[in-house]
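Hello,

Here is the structure we talked about handing over. Please look through it, then read my notes below.

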Amino acid sequence: MVVGAGQSGLLLSHLLHAGGVEVELFNHRTVEELRGGPAPLAQFTLPSTLAAERAAGLDFWSSEAVASGASYAGVAAPAFTSVRLEARPEGGDLLGFAGRLPGPGVAVDPRVKLADWLAAFEDRGGRVHPYGVTVGDLDAFARMGRYDLIVVAVGSGELGRLFPPDPARRTSTLRERAVAQVHLAGVEPGQADADVVTTPHGEVFCVPVLGPQGPAHALLVVGAPGGALDCVPDLSARRVDIAAALLERVRAHAPGLYERCRAAEVVEAGVHGRIYPAVRRPVGVLPCGGRVLGLGDTVVTVDPASGQGWAASTLAATAYAQQILAHDGPFDAAFLNATFDAYWRAHGRHVAAFVDMVSAFWTGTLPETVTARFARAAAEAAAADAWIAAFDTPEALARLTA
């Protein structure tokens with residue numbers, strides 16, 4: 001049983017179903033409800049993540065998939081292969097460089113991506129239950145022994161509270177983030193396909209995206225609540241022109257990017273909110289004593305300033321599928337903990353270290369090897385490519401700065 005049709009829950013369901021496991025997927029929204037839902041934040045599918053999706057037969061937005069008729073959307077997602085990273089200190093000199101990723105990346109709006117993946121799971125013979133699940137439901141299923149394994153891929157609410165914080169794996173910087181985003185059409189080209197601007201107040205991203213209306217650019221701002229990049233500091237405000245507030249902050253803190261966006265058309269009403277990064281224990285205990293395994297945001301909610309959210313969810317789902325398919329024995333507490341440990345050792349700890357580096361960039365606490373490598377990237381094309389490639393594989397950053 002998999003609860004939650006987000007990136008990790010859907011990918012795990014597809015992988016297990018393809019491996020011959022009978023999977024029942026529970027989600028509180030249908031395909032149609034996902035397509036017509038509220039605007040979510042853009043998610044970046046970097047090259048390694050895209051390769052994992054392609055291996056699972058889930059890359060529906062490549063030009064090849066569209067040409068072959070395998071695409072549900074019928075439209076190719078605009079790819080990005082280069083990224084410009086710009087650091088803008090207060091009152092100091094701008095430092096920036098552009099580098100190339102090791103392959104193409106894409107950003108597909110979750111209303112498109114998750115709806116298509118859910119439709120594909122049903123088309124491939126997967127069983128979907130379109131209603132929400134409570135702790136009481138899980139407790140009843142566990143007492144009946146209906147499922148060999150229950151995986152919870154819901155990051156908040158009643159089910160999320162089954163998984164308490166894990167101080168042993170806590171990263172050094174778990175900070176609440178204020179986020180806001182708009183979709184724009186007609187953004188003027190820059191030095192690279194995608195842009196990341198980091199400032200002492202937070203980060204600004206501008207990335208090509210495939211949204212419900214077609215190709216556009218997602219302009220995303222991440223900052224401290226109440227800070228200079230918080231587009232909606234008063235969450236109780238009923239009417240907020242998010243696009244105007246966001247562009248005003250981009251004008252002040254990323255003026256070069258603002259000039260490329262100022263004449264663009266807003267094609268998606270803005271979205272804003274708060275994200276609370278966390279690391280939780282991977283095994284939840286039900287009232288009856290049964291145990292459930294947490295996946296994705298349920299266990300590790302990644303700081304959006306790192307751009308690693310969906311990559312982390314993909315790596316977790318892939319690692320879990322490998323452990324489950326190779327297992328011959330009971331899905332007891334020892335197996336559940338070992339499954340998450342395998343993911344954490346191979347991937348999770350590197351994502352956490354990458355997040356810590358992003359969080360510490362303006363604190364003056366970064367190791368000299370990191371700051372020296374960043375300065376080198378601003379001067380040498382090969383070093384710039386290596387730094388940008390570390391976005392795709394965070395463990396590479398440790399090798400770069402050793």
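The lining of the largest pocket counts 25 nonpolar, 18 polar and six charged residues. Here Ala, Val, Leu, Ile, Met, Phe, Trp, Tyr, Cys and Pro are nonpolar, Asp, Glu, Lys and Arg charged, and the others, Gly among them, polar. The model is predicted, so local features need pLDDT of at least 70 and side-chain atom pairs pLDDT 80 or more, while totals for chains, interfaces and linings use all residues. Residues are numbered from 1 along each chain as its sequence is written, and side-chain values use heavy atoms, without hydrogens and water.

The volume of that pocket is about 1500 Å³. Among its 49 lining residues, Gly6, Gln43, Gly155, Asp297 and Trp310 are closest to the centre. H1, H5, strand E11 (265-275) and H10 each give two or more residues to the lining. (A pocket is an open set of points on a 1 Å grid over the protein atoms alone, where a 1.4 Å probe fits, with protein on both sides within 12 Å along at least five of seven lines; lining residues have an atom within 4 Å of a point. Volume is the space filled by probe spheres set on the points, which are joined across faces, edges and corners. Helices, H or I, of at least four residues and strands, E, of at least two are DSSP runs, numbered from the N terminus.)

The second largest pocket has about 250 Å³. Met1, Val21, Glu22, Asp148 and Leu149 are the closest to its centre, out of 14 lining residues. This lining has 10 nonpolar, no polar and four charged residues.

Leu12 touches (heavy atoms within 4.5 Å) Val2, Val151 and Leu295, among others beyond four places in sequence.

Next, the sheet. It is open, with six strands in the order E5-E2-E1-E6-E14-E13 and mixed pairing. E5 (127-129) and E13 (283-285) are at the edges with a single partner strand each, so one side of each lacks a neighbour in the sheet. Strands pair if DSSP finds at least two bridges between them. E6 (151-152) and E14 (291-294) pair in the parallel sense over two bridges. Val152 is opposite Gly294 in E14.

Last, Leu220, in strand E10 (214-223). Is Leu220 buried or exposed? Leu220 is buried, at 5% relative accessible area (buried is under 20%, exposed over 50%, partly exposed in between; 1.4 Å probe, protein chains only).

Best wishes
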